[in-house]
Structures are given as structure tokens and as C-alpha cells.
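The following note sets out, point by point, what may be read from the model shown below. It is intended for a colleague who has the coordinates open while reading.

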Amino acid sequence: MKQMLSADLKSRLEDASDSPLRLHDPSRGYAGVSLEGVAEPADAGALSRVLKVLDEQRSPVAILGSESRSWLGNPLKPTRMGISTARLSGIDEFDEADGVIRVGAGTALDKLAERTARSGWWLPIDSPGRGGTVGGALATALCGPRRRGFGPVRDSVLGLDTVLAQGAHVRCGARVVKNVTGYDMAKLYVGSLGTLGVIERAWLRLRAAPESALIFQASIEGAVHAEGLAVARRATTRAIAVVDESLIPFGAPHLGRPPRLGKRHRLIVEFAGDAPAVDQDGNWVADELGAEPAPADAIESLRDLQILEFPIGVRVRFHTRPSQAEQARMLLERGGARCLICPEPSVLTAWFEAGLDEGEDPWWLDQVFAVVDEVRAASSAEAIIEALPDWARGRRDAFGGSPVLGLMRDLKERFDPNGILNPGRFVGRL
Amino acid sequence: MVNEAGSWISQRRTSSRSSEDGWIEALRRIVGPDACLTSKAELYAYGCDGLTLDPHQPSVVVLPQSTEEVVQVVRACRAAGRSFLPRGAGTGLSGGAHPLADAAVISCARMTKILNLDPRDRLATVQPGVVNADLSVAARAEGLFYAPDPSSQQACTIGGNVAENSGGPHTLKYGTTTNHILALELVLPDGGLVQLGSATGGATGYDLLGACVGSEGTTGIVTEITVRLEPLPEAVETLLVVFGGVPDACRLVGRIIRGGLVPAALEVVDRRTVEAVEASVYRAGLPQDAGAVLILELDGPACALPAQIERIRALAAETGASEIRVATDEAERARFWRARKGAFGAMGRLAPDLYVHDAVVPRGRLPEILEEICAIGDRYNLKLSNVFHAGDGNLHPNISFDRRDPEELERVVAAGREILEVCVAAGGVLTGEHGVGTEKRDYMGMLFGPDDLDAMKRLRATFDPQGVCNPGKIIPSTRACIESNPKARGYDRVPFT
Ligand SMILES: Cc1cc2nc3c(=O)[nH]c(=O)nc-3n(C[C@H](O)[C@H](O)[C@H](O)COP(=O)(O)OP(=O)(O)OC[C@H]3O[C@@H](n4cnc5c(N)ncnc54)[C@H](O)[C@@H]3O)c2cc1C
């Protein structure tokens, strides 16, 4: 039986957040549930008050950014309330001399990137897809093709303000670029999918815009991971991916026609840095692989492709060691998948698409899971299921568990004793 | 006890245990008699780390050689109700390896194997006692190196580096230890064994690996470390830029950062340090009248460096540099670096003791903060010199003193504290690479409120609910917080603990 948000709770939440609850679009749903109301606190104090009310009521809550990456993780356990970071947005301070910036969690990534670029700084976050907020990018810690140059999301986070489930407003880190004062708490919140605390503000480290950047594409075949790795290890490689050609019309049509017809994979690489070094790498890739210039938005196209979903399909991300990636790719292709490969660090995104007659067939899904398990075992890979048909969501832990789940559960209990924050979404359904 | 100046000189242990033969016997059986030290003379060396004031003799030191031995040692300690702490080479500068409260020292100094060095995946797996520099030497044959390079790298261990999240001159471009650790094997304080992280760099779940790096030996004993190795750069250029004073050198640093250049290293050495170095065995041929020198290293593709040097020349000229030297060969490069790396040793000429302070400020504020720091040194009538990682805003005000003079020691402590206050007020932090340990534990309240520290306690308790692993480090008592910053938010609401 569906329970409704009580009038009393609703009014307490509105008092706490100093604003009316927003209605959530019931047709959209959110991570497998439909939310009855969304609080939109405008500052840390209001956020803290809202969380206190919810925690006292043991009322689970979904933490919402722009909802652009709600596909990541397990379905929520029954949850009726959401907290949106929409009003926790804006740039508090931008130290252009130092290349550091303090922003609210609800700040839109694209607007922020635009602003920093105007001052010659790059926002080193390239989450798959478009849109999104700072808080969401940090909580999901997803990386796009520029991970090669930018490093993981956590490397760009200098300090965080978070609000814990019971309302404590907690700071960690600072604005400086080097810091070992106490435990490195920011690492815990980054990538925790909002299950340990709500990220409210962040100090981020920016990267100087390069003097020169060039993007190339080439058609390749055979040992494609090895080819990709050689390109990835050039001095100025900032972004790289090798894509199954057949995915491009669906997910990244802007990339245009392949440089050479008949080859199964396309390599896209961005070199960035000092002009002479970028030119040197550009000449090299043209000579070695017959690469040609690619469209200026090729990297954005790749990020679009990363979140491609087939009507009935499964998308899985694998992390392997470079030496095991080729084997993983071959096993996946043999198992019917098509891949996008970032060679170093080696991340393979694999798409399995069901045929018409396989429709809602659990047998088909079991076959896919068997391939996933085979790759995981043979290549010592971590596998994260990113997309499943609706009827199959929640069948498996999307993160595939963890050998240290006991420690993680203990940590979660210490930070969120009543388990109200994004319940069920994270690894081990924490 | 915190002394008047709120110092890192803590209360001397008053009680000692005598009837612990059974426990020591158990440890001996695990590691063998020559790896279990109990005599006063043997224990002497383990009473402190590089922060040599106020040593505490441990009850016993064990030197296991394998993970299995570490597990058994920890279990034996737990069975005997004893606390313990891990130790590497003891070069730490914040008291992290100081044994408090009769703790047993578990030294990893004999766990020195490089277990695997894999050029294909550019990684290595090592035991914690491997000396930092030895790993880079081993990797060089494969065209690789281990990037974090603390100035103590000839002695300090990778285990200690992990625990302190150590940096070094090349942190500016390559990051600190945390950016290079893929996985850890950790013996938990209850004797359990876990693997954190993954050689793939993509472990799922909470980033416990990231939280353990820099935890100063309070989350368990690291027994294996998988690190990322970097390719040796194609070309390296080392420059020495001479200035009339430190503020000008810092201004050049600011312009370089703002200009989008990312040198591998940007290190400033001040006049007093130059004088000490030039009078010592580390002599580097620096101009004696230099107010400050900036050691600047560029690395990367050979074709990119000439243009970078030209840009730096132009910026340096605008900032008032009196001379720029570009090392013409490896010998000259090594000489430039000697001025930096030999600085601490050379300081021995100024006084018997050296307090190496460590704090970080926003890079744009370096010139003014350094002036304030020098003024503090003068006001306390201390010999204060500066040699630091300017590119990261990571200061090392060094105070030369004589510990036999208690009054001078008090001035050192008071000045050290004031320096931190100035840095924190400028948006900086208490430590950039040496850690909190016991040295800065009671200053944590300058930066963090009770809720912030409480979150840290929650993390620590996840690994060590009983608080038996390296007790007394990092987290201060509430009283110490109030004393360090009575105006900090929230302390008035918290009862003393
Ligand atoms: C001359 C000099 C120069 C220095 N320069 C730098 C510098 O440039 N950058 C920098 O960052 N530091 C520097 N340091 C400080 C010091 O060298 C580093 O902190 C170093 O990482 C300590 O390593 P260690 O092996 O000596 O560890 P120790 O001093 O023995 O221990 C340090 C901490 O690590 C813990 N620990 C040790 N081994 C383990 C383990 N296996 N598992 C878990 N915890 C463990 C200990 O409990 C302790 O808390 C310098 C020190 C000196 C004396």
C-alpha cells in the first residue's frame, strides 16, 4: 500500500527549508521510485534542518542534482522525499591567480566550465553525458574520455562542505592545493553516491587551459587495445577512446563517417599541451595510424556515447589492468557486446542489445550476466552495471559487491545511522 | 598535558610495566628472538621519529618480515590488551611514529621486498619497508620512476609515505603519494586482513583506500602497496633563478602558475639557507649574496622545453631576477638540487637542533605570508630560515635552536604556533606533507570544529573502534581544541573530554 507524506511532516519540512516542497514529475520517477515532494534548501543551515527532520522521522530521502545520472547505482529502497541541491548553486570564490574555485553543489557543470574557460582555466571534470551539477559529478565520480589527462574526479577536489544525515555540517580539506591536515575525508564523500552525506559546497582545483589542443580519429582493427594504449601513452594525450564503429551512428553521430570503411573500430584522441609537443604527437598518430583531424566536439560526442541506452539492452563498465583489457574486449565481443575502450586507465564500456525475439526474456539476461562474470573472472576486472531494461533493474547489485563490504557497512552506519540517505543505491545496496 | 605554549611536548610517561614476560615471549615466538627488541639500549632508537623532542621509549619493538607475522603480532598485542603502532624508517617530522602509552612498535624495516614490477601495466607491488629511492632505482631499468620524492627519499619507506601521504619537490606536477597508490594490503587493528583499492584503479564502493592514505598509521598496518609508476620524461631542464629576496621569488612562482606553465618543481631557498649550504659540504656554488634562489625544473617532450625556458626567462626578468642559470649537464643539475636537498643537513651548522615546520597557504599569498613569518622569527629572536615547495604554497619555516635552552625552546614553540595562526588566517592549513601526529594534534581546532573532528573520529572508529592502533595521534582532546582556538565555532557547546 502506498503511503503518503503526512501533512505534518510536509509542513515541518517546509519550515525547515524555508520554502514550499516542490512536486516531482510523477511520470519521470527517480531511481526506481516516485517521489512525493522535493525540498530545496538554499543554504547549509536549511539543508541541515531538513535532514534533521527526516532523520528523526527515519524518513529515507533521495538526493537530487539535475537528475542527469540517476541511471547509476541500484534502485532506491522505498523513498518518498527528495532533497534538491538546485538552490545550493553559484560560485562563491574564484581565485584566478591560484586556479581554485569554491562552488555550490547545485552549480551546473557546463556553466561553470564556461566561466572558468573565460579566465583560462579548465574544469577537469568530464562526466559521461551532458548537463549535471558539481554535486552530482562528485557523488558519482564518473569519468569520461579525458580521465587520461584529468585524472579521477577525486584529484580535483580540494575541500568539501557536507551535511551528514543527522544534520551536522562538516568541513574537510581547504582551498590549498596540498594538504595533509587530518584524515582525507573528502575521499569518502567523492564517489559515495550521496550515501554518507550531502555535498553542499566544494573547493575545486582547475587546470590551466593548454596552449594547443588537436583531435584526431583513425580506423583501426586487430589488437585495438594495444594500438590505443600506444596512443594513450604519448606525452600529450589528454583524451582517448576506441569505439566499436557500429555504436557511432546511435550514440555519437557527430563523429561522422569513418576515416576508412570496413574497419571495426575507431580511435579518437585529443592531444593537448605545448604546441610543438602537440604537433609532434599529431604527426606521429597521422603517420602511424593514418589518423585524420576529427570534429571539434568529438570528445563531447564520446561522452554522449558513453551513456547510450538501447531500448532493450544492458550497459556494463569494466575496469581492468591494461595488460588484461585486450582479453576482456575479445571475451565481450565474443559474447555479443560492442565496446568503447579507454585504454589507460583501462575502462571498457560494453553494450549488449537484445534481439527482437529476446524481448523480456530472463534467459537472455542470464546469458549477458554469464559473459559479465566470465570477463570479471578472466580479467580480474571490476564490473559495474550501468543500464538494464526496466524489468530487470535491481536483479543484481549494480556494483557487483566488494570484498570489504563489512567495513563499508560499518562506515555507512557511523555516518548515517538510520540509513536515510539514498538508501539502497550504493554498493551492497547500502 | 599541554604545556603553556600549547606545545607538542607531552607528558612524560610515569608508569612502566614489569610483568609482561608472557606477552613478549609470544612476540618472540612469532618473529624470532633477534627481531624482538626489549633492551633499553635497543629501544632507545625507537623513542621518537624525526621530531626528536620528548621521546617515549616503547615497551617492545618487533620487526616482522611478512604479512602473516604482522597479523600474528597484532593479534598477540590485542590478546595482551596492548596498543601498538607501525613504524617505517622513523624520518617522520610530526611524531607519527612516537610510541605513546606504552605501545609496542611494529617496525616494517625488514619488509623490504619489491614483490613485482610490471612495466606493461606500469605498476609495482612492494612491501612497506622498501626505501622510496630504491623503488625508483629499480624502476629506472624499465624507463619508469616512482614520482613522490620526499627530500628524505634515501631513507624513508613507502609504508611511511603512504601513512603520511608524503609529497616532495615534484608534487607540483605529479601529485602526492595518494595520487600514486592503487591498492593496499592492510592488517586491521583487530588482526583482520583486507585489500583496499585495486590494481585496475577502479575499485567499487567507498574510497577506503583514499581515506587510509595519510591516516598516519591509525587505521592499521600496511603490509603491501601497489603503486603506479610514471614514464621517465624524455627531457629535463633545471634552472636556478637568483633574486634579491624571497618575496620576488614567490612573485615569479605566482606568475608561472597564472601563466599556465606546470613545471615539475618550483622550490625556493632563502638567503640564510644559501649561506648555510655554501658553508657546508653541500656547497652548490650559489651566489653568496643571493637573497633567494628559485630552483625550477621542467620536464616533458624535448621539443617543448626550449619555448618554456624562454617564457620563464621573460617572466623572471619582469620579476626582477638578477641571474638565471640553466644546468648544462647532469653534474650541474645535481649541484642545483644539492642546494635544496642538502638544506636540512647544512642547517646543522647554525645550531644543534632544527625544527622543520610545515604549513600551506594559497600560492598568491606567499610573498606577504613569508614576510609575516620572518617577522615572527625576528620578534621571537630566533634563527628562522625558509626552504620550501613554493609551487604548492607549502612552506617549511625552519628554526635552528638548542634544545638544552628551555627558554629558547619555548620561543620556538610559541613562534611555531603563531606561524600556523598566520597561515590559517590566510586560508591555509596546518600541514602540507609532514602530517599532524602529536606535533600539531592540539592545533587541529584552529582549522576544524567539533563536527569536523567528529566525522574524522567516525572514520577512524570504522577501522579501529577500540583506538589501539597508534593512539594519541591526529585527533585532539576537546580541551586542546578550545585552547587552540577559543573562538572556533561550536566549542562553547561541547563539554570537555
Ligand atoms: C630531512 C628530511 C626531509 C624530509 N622531506 C620530506 C619531504 O620532502 N616531503 C615529505 O612529505 N616528507 C618529508 N619528510 C618527512 C618524512 O620523511 C616522511 O613523512 C616519510 O614519509 C616518513 O617515512 P618513514 O618511513 O620514515 O615513516 P615513519 O617516520 O617511521 O612513520 C611515519 C608514519 O607512518 C606510519 N607508518 C609507517 N609505516 C607504516 C605502515 N607500514 N603501515 C601503516 N602506517 C605506517 C607511522 O605509524 C607514522 O605515523 C622529511 C624528513 C626528513 C628527516
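1. Two strands are taken to pair if DSSP finds at least two bridges between them. In this predicted model, 8 strands of chain A form an open antiparallel sheet with the order β14-β11-β13-β12-β16-β17-β15-β18. The edges are held by β14 (292–293) and β18 of chain A, each of which pairs on one side only.

2. Within that sheet, strand β16 (residues 338–342) and strand β17 (residues 347–353) of chain A run antiparallel and are joined by 5 bridges. A:L340 has A:T349 in β17(A) as its bridge partner. Helix α9(A) lies across β11 (212–220) and β13 (265–273) of chain A, and runs at about 10° to β11(A).

3. Chain A also holds an open sheet of 5 strands, ordered β4-β5-β9-β7-β8 and paired in the antiparallel sense. Strands β4 (91–95) and β8 (169–173) of chain A stand at its edges with a single partner strand each, so one side of each is left without a neighbour in the sheet. From one strand to the next, the twist averages 10°.

4. A:R102 has A:W203 in β9(A) as its bridge partner. Helix α2 (residues 44–56) of chain A packs on this sheet, where it touches β7 (157–163), β8 and β9 of chain A. The direction of α2(A) makes about 50° with that of β7(A).

5. How is chain A divided into domains? The domain assignment gives domain 1 (7–86 + 416–429), domain 2 (91–208), domain 3 (212–305) and domain 4 (313–388). The C-alpha centres of domain 3 and domain 4 of chain A lie 22 Å apart. Their contact takes 15 residues from domain 3 of chain A and 12 residues from domain 4 of chain A. On the domain 3 side, the elements giving two or more residues are α7 (224–232) and β12 (237–244) of chain A. By class, that side has 10 nonpolar, 3 polar and 2 charged residues.

6. Is A:E326 buried or exposed? A residue is called buried if 20 or more other C-beta atoms lie within 10 Å of its own. A:E326 has 21 C-beta neighbours inside 10 Å and therefore counts as buried. This residue lies in helix α11 (residues 322–334) of chain A. Apart from neighbours within four places in sequence, A:E326 is in contact with A:A223, A:H225 and A:A226. The separation between A:E326 and A:W203 is 123 residues in sequence and 38 Å in space, taken from C-alpha to C-alpha.

7. The interface between the chains brings 59 residues of chain A into contact with 70 residues of chain B. On the chain A side, at least two residues each are supplied by β8, α6 (186–189), α9 (275–289), α11, β18 (382–387) and α13 (405–415). Helix α13(A) gives the most to this side, with 6 residues. By class, the side of chain A that touches chain B has 30 nonpolar, 15 polar and 14 charged residues.

8. Which residues are closest to the ligand? Of the 36 residues that surround the ligand, the closest are B:G88, B:G92, B:G96, B:G160 and B:G217. The elements that give two or more residues to this shell are β3 (84–87), α5 (158–164) and β10 (221–228) of chain B. Helix α5(B) gives the most, with 5 residues. The shell divides into 13 nonpolar, 18 polar and 5 charged residues.

9. Strand β20 (residues 397–401) of chain B is mostly covered, with 5 of its 5 residues buried. On one side B:P397, B:I399 and B:F401 are buried, and on the other B:N398 and B:S400 are buried, so that both faces of β20(B) are covered.

10. Strand β20(B) pairs with strand β16 (residues 353–356) of chain B in the antiparallel sense over 4 bridges. Strand β18 (residues 383–389) of chain B also pairs with β20(B) in the antiparallel sense over 4 bridges. B:I399 is the bridge partner of B:Y355, and B:L384 stands opposite B:I399 as well.

Conventions: Residues are numbered from 1 along each chain as its sequence is written. Chains are lettered from A and ligands numbered from 1 in the order in which they are written. This is a predicted model: local features need pLDDT of at least 70, side-chain atom pairs count only at pLDDT 80 or more; totals for chains, interfaces and linings use all residues. Axes are lines fitted to C-alpha atoms, for helices over the stretch in contact, and angles run from 0 to 180 degrees between N-to-C directions. Two residues are in contact if their C-beta atoms, placed from the backbone, lie within 7 Å. A residue is buried if 20 or more other C-beta atoms lie within 10 Å of its own, exposed if 12 or fewer, and partly exposed in between; C-beta atoms are placed from the backbone. Ala, Val, Leu, Ile, Met, Phe, Trp, Tyr, Cys and Pro count as nonpolar, Asp, Glu, Lys and Arg as charged, and the others, Gly among them, as polar. Domain bounds come from an automatic or database domain assignment. A residue is near a molecule or strand if its C-beta atom, placed from the backbone, lies within 6 Å of it.
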